[in-house]
Amino acid sequence: MQHYLNIKDAGDLETCVSEAIALKQHPVKFKTLGQGKTICLLFFNNSLRTRLSTQKAAINLGMDVIVMNFGSEGWQLEYEDGVVMDQGKSEHIKEAAQVVSQYADIVAIRAFAGLVDKEKDEADMVLNGFKQHAAIPVVNMESSVGHPLQALADAITLAENKTIEKPKVVLSWAPHPKALPHAVANSFVHMMNLQDAEFVITHPKGYELDPKITEGCEIINDQKKALENADFVYVKNWSSYTDYGKVLSQDKNWMMTQGKLGNAKFMHCLPVRRNVVVEDAVLESDQSLVIEQANNRTYSAQIILKKLLETL
Ligand code: SN0
């Protein structure tokens, strides 16, 4: 594996999930693998789980970690070629990426979608800029279009909690006061498409995800119908894709409740807005897997860093 930009880069999903579960049993078994190696984490946006679990994963592998809140503390970067840089941008990605490559052996980047310009977001400038100009492996810690470390953690959580071979998994949109990116939902769909499960997506009309990503998926707009006999319900808000970045609905009827969940397990990537996205009772029930999902972020990052270290 050269980079980890989307879940397909991890190779066979089932194998990768088994390897991650094995690592979870012996987290420091490969403590010497990363000795003398440094990972640099660059954050253009906020984080709790991603920042701490990726650091923890690197520490478990014996690596040194340097972290920078690039969004608030770095220079404003230019990504376009041949620009006269006489405006607000101070440094070009070409220099920045090469410089970081001298200080670190792996660089991991978080850069959310701006949700204003669809074309710009889909070009995934920050991640692809680093991929193009850095001399070291690049890891996606949530880009404009995907969050594959989260999706891998979700795959681990599903594997650990499923009680039947082919569970029914429902991805359900939920209301939210802010316009949120599509990245988590996109990567969850990518991941579900790599495994044998009954997978259904439900959202109000107008909230269709990128049709290139959901091609072949079952989409049911009636949430109640979609949730029938679900084993796992993954709840997530995203803004409109067609009316790009807009909040079209805050319909409270889409909030996940204990009644709607039935006997299914509840999943969410966190952070979650209580009593907007999901009611308290669900998060406090033993059907909620959110804390396990967050724990699995360490092993999802660790298996990816291990694979990258093995190629260095
Ligand atoms: C991010 C998102 O992509 O939806 C990160 C999830 C891992 N979530 C948020 O930005 C939530 C912010 C909020 O104010 O609730």
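Mentor: A polar contact is a pair of N or O atoms within 3.5 Å, and within protein one of them must be able to donate a hydrogen and the other to accept it. In this predicted model, the side chain of Gln223 makes such a polar contact with the side chain of Ser172, at 2.9 Å. The side chain of Gln223 also reaches the backbone oxygen of Trp254, at 3.4 Å. Gln223 lies in helix H10, which comprises residues 223-227. Because buried means under 20% relative accessible area, Gln223, at 7% relative accessibility, counts as buried. Leaving aside neighbours within four places in sequence, the residues in contact with Gln223 are Ser172, Trp173, Thr202, Asn253, Trp254, Met256 and Lys260. Ser90, by contrast, is 133 residues apart from Gln223 along the chain, and the C-alpha atoms of the two are separated by 48 Å.

The account now turns to the sheet. Strand S7 covers residues 168-173 and pairs in the parallel sense with strand S10, residues 232-236, over five bridges. Within this pairing, Val170 stands opposite Val233 in S10. Helix H7 (residues 148-161) packs on the sheet, where it touches S7, S10 and S11, and its direction makes about 160° with that of S10. The sheet itself is open and has five strands in the order S9-S8-S7-S10-S11, with parallel pairing. Strands S9 (218-219) and S11 (265-267) stand at the edges; each has a single partner strand, so one side of each is left without a neighbour in the sheet.

Note on methods: Residues are numbered from 1 along each chain as its sequence is written. This is a predicted model: local features need pLDDT of at least 70, side-chain atom pairs count only at pLDDT 80 or more; totals for chains, interfaces and linings use all residues. Side-chain values use heavy atoms; hydrogens and water are left out. Two strands pair if DSSP finds at least two bridges between them. Helices (H or I, at least four residues) and strands (E, at least two) are DSSP runs, numbered from the N terminus. Contact means heavy atoms within 4.5 Å. Axes are lines fitted to C-alpha atoms, for helices over the stretch in contact, and angles run from 0 to 180 degrees between N-to-C directions. Buried means under 20% relative accessible area, exposed over 50%, partly exposed in between (1.4 Å probe, protein chains only).
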